[in-house]
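Subject: Structure for you to look at

Dear colleague,

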Number of protein chains: 2
Amino acid sequence: MEYRFKVWLEKEGQPVLGDGLLHLLTMIRQHGSIRKAAGEMKMSYRQAWGNIKKAEDRLGINLLIKQIGGEAGGGAQLTPEAEMFIERYREFRSEVDSAVRESFRKFFEPGES
Amino acid sequence: MEYRFKVWLEKEGQPVLGDGLLHLLTMIRQHGSIRKAAGEMKMSYRQAWGNIKKAEDRLGINLLIKQIGGEAGGGAQLTPEAEMFIERYREFRSEVDSAVRESFRKFFEPGES
């Protein structure tokens, strides 16, 4: 038997950060482009940007700096606030993961620890 | 900001126990009837029984004792194995809940603890 879990953050009952947006923001950092990040996640640019915009509105912080125009049609990078926020979320998620694993072992694999 | 989480158990990649089935089994214990429990959860009898049967097959244990026939069309009660399993799951879930709450406070409400 295995355990599975999902954890995410909400503000006023609306999701603001979970694994999906974390992945999208990580891809944007890697590619410097919303469009490329969206493509890798099989999302449209509109969907990707919509998700980011919603999270920005709910959090009240800017997550992206968009560079408009240029040969490649502009790019995007994470704001320092976004970097801090996703780093904190990552640490939170990792601590939760360890805690769930530990509890799972305690209750469902007591002989195997 | 708030946290939300879901946790569930799987066997060979297939879900065996999560909040949905826990709720259904708890309702069956309360009502002594799959049909009434299903009705309260806005499920059909077929769906409810299908979910239980799948979990039984995956876990390799019987979850319900079904009483066939009688005036009320039979009833159902949880097996001792089901009682033990859902009690353990409940404790597991409650421990996970505390751990997630604690991590959330640490990372997202550091000044308020």
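E12(B) lies in the loop between β1 and β2 (14–17) of chain B, where helices (H or I, at least four residues) and strands (E, at least two) are DSSP runs numbered from the N terminus. The phi of E12(B) is near 50°, a positive value in a residue other than glycine, and E12(B) counts as exposed because it has 8 C-beta neighbours inside 10 Å. For this term, a residue is buried if 20 or more other C-beta atoms lie within 10 Å of its own, exposed if 12 or fewer, and partly exposed in between, with the C-beta atoms placed from the backbone.

Before going further, please note that this is a predicted model, in which local features need pLDDT of at least 70 and side-chain atom pairs count only at pLDDT 80 or more, while totals for chains, interfaces and linings use all residues. Residues are numbered from 1 along each chain as its sequence is written, and chains are lettered from A and ligands numbered from 1 in the order in which they are written.

K42(B), in the loop between α2 (34–40) and α3 (45–59) of chain B, also has a positive phi, of about 55°, although it is not a glycine. With 7 C-beta neighbours inside 10 Å, K42(B) counts as exposed.

Chain A contains four helices and four strands, which follow the pattern β-β-α-α-α-β-β-α along the sequence. The C-alpha trace of chain A spans about 60 × 30 × 20 Å along its principal axes, and buried residues make up 22% of its 113 residues.

As for the two chains together, a rotation of 180° with 0.0 Å of shift along its axis superposes chain A on chain B, with an RMSD of 0.0 Å, by least squares on the C-alpha atoms of residues with pLDDT of at least 70 in both. That is the relation of a two-fold axis, and in chain A the C-alpha nearest this axis belongs to K6(A), 2.6 Å away from it.

Where they meet, 22 residues of chain A are in contact with 22 residues of chain B, contact being counted if the C-beta atoms, placed from the backbone, lie within 7 Å. The elements giving two or more residues to this side of chain A are β1 (2–11) and α4 (80–108). β1(A) pairs with β1 (residues 2–11) of chain B in the antiparallel sense over nine bridges, pairing being assigned if DSSP finds at least two bridges between two strands. Within this pairing, R4(B) is the bridge partner of W8(A).

How values were computed: Contact = placed C-beta atoms within 7 Å.
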